[in-house]
Amino acid sequence: MQIAIPAERLAGEKRVAATPETVKKLIAMGHSVVVEQGAGQFAAAPDAAYAELGASIAANRAEALGQADIVLTVRPLDEAGIAELKTGAVLIGQLAPYQNSSFPALAAKKVSAFALELLPRTTRAQSMDVLSSQNNIAGYKAVLLATHYYPRFMPMLMTAPAR
């Protein structure tokens, strides 16, 4: 199967749907992976990191999406991105199901869409729980940002290494 990782288009979105480490695992399972040029640049994952592991780098979105059987995305695709999808493709990502008006366009292209934020939050599905992982990261970032504005020192909450 061919798996595509498009660059995110939403202003301020710096995440990428698959890291080089994830792409390495997908390729080891026998899939081919195509990454849109610049998809990981804001997530500290340059194109070269993907290419070194065997992924193809697509010059544009149409090239990345056009032949993909599976598309991994962080945010929903816009109408132009949906138009570039192969008929019958599978779209997996945070699809904002309660605000997203693009489902009729996905249905017209016979795209199977999986909104990861609707996955049941159970122990068995914990490795796919995008809400908990992203909330955890947001919590860390909030504390780091707060330290900039807090006028006093904060304990580092660190322990000495065991010897």
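Contact, in these legends, means heavy atoms within 4.5 Å. This is a predicted model, where local features need pLDDT of at least 70 and side-chain atom pairs count only at pLDDT 80 or more, while totals for chains, interfaces and linings use all residues. Residues are numbered from 1 along each chain as its sequence is written, and side-chain values use heavy atoms, with hydrogens and water left out.

**View 1. The whole chain.** Take the contacts between residues at least 6 apart in sequence: 46% of them join residues at least 24 apart. The chain comes to 6 helices and 6 strands; these are DSSP runs numbered from the N terminus, helices being H or I with at least four residues and strands E with at least two. Starting at the N terminus, you'd read the elements as β-α-β-α-β-α-β-α-β-α-β-α. The C-alpha atoms fill a box of roughly 55 × 40 × 35 Å, taken along the principal axes. Of the 163 residues, 32% count as buried, meaning under 20% relative accessible area with a 1.4 Å probe, protein chains only.

**View 2. The open sheet.** Its 6 strands sit in the order β3-β2-β1-β4-β5-β6, with parallel pairing. Out at the edges are β3 (56-58) and β6 (112-115), each pairing on one side only. Two strands count as paired if DSSP finds at least two bridges between them.

**View 3. β1 and its two partners.** Strand β1 (residues 2-5) is joined to strand β2 (residues 32-36) by 4 bridges, and the two run parallel. Look for Gln2, which stands opposite Ser32 in β2. β1 also pairs with β4 in the parallel sense, over 2 bridges, and there Ala4 has Val71 as its bridge partner.

**View 4. β4, covered on both faces.** In a regular strand the side chains alternate between the two faces of the sheet. For strand β4 (residues 70-73), Ile70 and Leu72 lie on one side and Val71 and Thr73 on the other, and all are buried. β4 also pairs with strand β5 (residues 90-93) in the parallel sense, over 4 bridges. In that pairing, Leu72 stands opposite Ile92.

**View 5. Arg61, tucked into helix α3.** Arg61 lies in helix α3 (residues 61-65). It counts as buried because its relative accessibility is 8%. Skip its neighbours within four places in sequence, and Arg61 is still in contact with Pro6, Ala7, Arg9, Glu36, Leu77, Asp78, Gly81 and Glu84.

Key: Buried means under 20% relative accessible area, exposed over 50%, partly exposed in between (1.4 Å probe, protein chains only).
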